[in-house]
Amino acid sequence: MKAKRNLLIWGIVIGVLAAAVGSYIGVPSIRRAVDRMASTFGLAGPKEGVTYWCPMHPEIVRKNPGTCPV
Ligand SMILES: [Zn+2]
């Protein structure tokens with residue numbers, strides 16, 4: 001009973017690690033799955049309709065996060 005639960009927990013841990021590593025090395029299908037998971041939990045990166053601006057140059061509005069071009 002207890003061993004079975006441990007196995008399930010390890011399965012989840014290994015699955016999450018595999019997804020993270022796959023995302024890091026850029027396997028497209030795993031990356032898509034991780035992106036979908038992230039958006040489900042509201043942790044996704046650049047989204048449609050979201051803009052980024054520089055706190056020192058509010059006139060600089062960009063679609064993606066990054067360094068200020070000014
Ligand atoms: Zn700036």
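The model is predicted, and the chain has a mean pLDDT of 75, with 63% of its residues reaching 70 or more. The protein chain contains 2 helices and 2 strands, which follow one another from the N terminus in the order α-α-β-β.

**Overall picture and confidence**

- Of the 70 residues in the protein chain, 0% count as buried.
- Among the contacts in the protein chain with a separation of 6 or more, 0% come from residues 24 or more positions apart.
- Confidence is lowest in helix H1, which covers residues 2–25 and has a mean of 70, and it is highest in strand E2, at 88.
- Where pLDDT is low, the predicted coordinates should not be read in detail.

**Cys 68**

- Cys 68 belongs to the segment that comes after strand E2, and that strand spans residues 61–62.
- Because 12 C-beta neighbours lie inside 10 Å of Cys 68, this residue counts as exposed, given that a residue is classed as exposed at 12 or fewer.
- Once its neighbours within four places in sequence are left aside, Cys 68 is in contact with Cys 54, Met 56, His 57 and Ile 60.
- One of these partners is Cys 54, and the C-alpha atoms of Cys 68 and Cys 54 are 6.2 Å apart in space, although the two residues are 14 residues apart in sequence.

**His 57**

- His 57 sits in the loop that runs between strand E1, residues 52–53, and strand E2.
- His 57 is exposed, because 11 other C-beta atoms are found within 10 Å.
- His 57 and Pro 69 are 12 residues apart along the chain, and a distance of 9.7 Å separates their C-alpha atoms.

**Thr 67**

- Thr 67 counts as exposed because it has 7 C-beta neighbours inside 10 Å.
- Along the chain, Thr 67 and Trp 53 are 14 residues apart, while their C-alpha atoms are separated by 9.9 Å.

Definitions and conventions: Residues are numbered from 1 along each chain as its sequence is written. This is a predicted model: local features need pLDDT of at least 70, side-chain atom pairs count only at pLDDT 80 or more; totals for chains, interfaces and linings use all residues. Helices (H or I, at least four residues) and strands (E, at least two) are DSSP runs, numbered from the N terminus. A residue is buried if 20 or more other C-beta atoms lie within 10 Å of its own, exposed if 12 or fewer, and partly exposed in between; C-beta atoms are placed from the backbone. Two residues are in contact if their C-beta atoms, placed from the backbone, lie within 7 Å. pLDDT is the predictor's confidence in each residue, from 0 to 100.
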